[in-house]
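Dear colleague,

I am passing this structure on to you, with some notes on what turned up when I went through it. Please read them alongside the coordinates.

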Amino acid sequence: MGIVIYGGTVVTMGNKGIIRDGAVVIEDDTVIDVGRSDEIKRKYPRYERIEAKGKVAMPGLINAHQHMAMSLLRGYADDYPLKEWLERWVWPIERHMTGYEIYVGSLLTAIESIMGGTTTINTMYHYIENYNEARAISESGLRGVVGHVCFSWRRDQDIKAIKELAGRWHGEADGKIRVSVDPHAPYTVDPKYMRELRDLTAELNEKYAFKKGQIVWHTHLAETEDEVQKIKNSFNIQVEASVVEYMDSLGVLAEDVIAAHCVYLTRRDIEILKLRGVKVVHNPISNLKLASGVSPVPDMFKAGVTVALGTDSPCSNNSADMFEVMKVAALLHKGVNRDPTVLPAEAVLRMATIDGAKALLWDDKIGSIEAGKKADIIIVDFRKPHLKPVYSEVSHLVYATKASDVETVIVNGRIIMENREIKTVRVNWVLEEVEKAREKLLDHVREGSK
Ligand SMILES: [Zn+2]
């Protein structure tokens, strides 16, 4: 037996557009029908019903760049430039994080994400057996792409971790979890290792991609202005042009590459990204907070590059709120371009849904509400003062909706939040464990500084 969501507005982000007094039919993990409420109710009389009058049903949001476990460091160090923030603050405390802390921090982000309408997360962190981000995603009922971040200084350890991660988790949790290979950045992964990771990805896909989906690449790219200099300093090599051209010269840019940030791009770089089919993830709040700069998203749009949206880590954001990210993305580019027509609401909503799915090479299954796709659906309650009156649902979803307006969250046909109550994990327990983890990490840092 299935579920019929009816009576509300369905914003499909697919070929049926927006259906007022619309309905969605879910059977097991899949959407089997989308249409007008009266027709659907007649066709499926015995299905369980969820009334959505005054509400909007839409595809779950896709957060295409995240480091879930870093919620443990939310507010630990703010207002520093990226290099100092990482080297002086984040990396020293992260050294003390065990798998358990990674798991607990990821559960915290999972809960926050669900409560804000995110149903898929693409996350890059350290994979540790038993307790890790994949386990947290699985237990929370979310969908996700989980990577293991790679650095030159720990090559052997990374390769072992990636192989374990792929073997244990790719295609797990009823197919809701996929894995990725994550070179941290062009300045922390040397050229030889970068190419090796490309070969490893091909090898893993040969082994696992069949029926389980593709293992993709997830990396940071052109986040700060000095990245070329950082590559030269790290590896003592000549880099003639931009960081994108350098990566292209290594032969690693391809349609399975998800490149976070892409703030510093030349015209030629944008052509290369389009030519290679690289997917870009724009993280406007993180870029603003770390004062990295403003990514030329409108230029990438013009060139036809797929651009998704992400929060980045909960300590460079400092939340996992994709509604906030959508609003900032829409406003930021209007402001810096002094042009209110760039990044219209519709385009921004696409970035957070169907374009996010394209970035993860998962758009055959998620990113829109269409028959045959997985049932990843959120219901947003529009019966609120800040969401009245309604002229355009899309406008409200980008400019006026808050994370707290999300009422119900369905992933793979399973209701994981109903009337704002999380069904999958014990929220209070997670909050307590997070406080304990904070104490423990601070104790380690204090000991280390003695
Ligand atoms: Zn990041």
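For the surface, a patch is built from residues with over 30% relative accessible area and no salt bridge, and nonpolar side chains are joined within 5 Å. Please keep in mind throughout that this is a predicted model.

In that sense, Leu 288, Val 294 and Val 336 make a nonpolar surface patch of about 220 Å². Of these, Leu 288 belongs to helix α10, which covers residues 284-289, and Leu 288 has a relative accessible area of 43%, so this residue counts as partly exposed.

As for open space, the largest pocket holds about 500 Å³, and its lining is made up of 22 residues, among which His 126, Phe 151, Trp 153, Arg 154 and Gln 157 lie nearest its centre. The elements that give two or more residues to this lining are α2 (82-94) and α5 (155-169), and the largest share, four residues, comes from α5.

Turning to the strands, β2 (residues 18-27) pairs with β3 in the antiparallel sense, over six bridges, and one of the residues involved is Val 25, whose bridge partner in β3 is Asp 33. The hairpin of β2 and β3 has two residues between the strands, and in this hairpin Asp 28 takes a positive phi near 50°. Strand β3 itself (residues 30-36) is largely enclosed by the rest of the structure, because five of its seven residues are buried, where buried means under 20% relative accessible area.

With best regards

Key:
Residues numbered from 1 in each chain as written. Predicted model: local features only at pLDDT ≥ 70, side-chain atom pairs only at ≥ 80, totals over all residues. Heavy atoms only, no water. Buried < 20%, exposed > 50% of the residue type's maximum accessible area, 1.4 Å probe, protein only. Pairing = 2+ DSSP bridges. Patch = residues over 30% accessible without salt bridge, like charges linked within 9 Å, V, L, I, M, F, W, Y side chains within 5 Å. Areas by Shrake-Rupley, 256 points an atom, 1.4 Å probe, with all protein chains shown as cover. Salt bridge = Lys/Arg side-chain N within 4 Å of Asp/Glu carboxyl O. 1 Å grid on protein atoms, 1.4 Å probe; cavity = no way out; pocket = protein on both sides within 12 Å on 5 of 7 lines; lining within 4 Å. Points joined across faces, edges and corners; volume = space filled by probe spheres on them.
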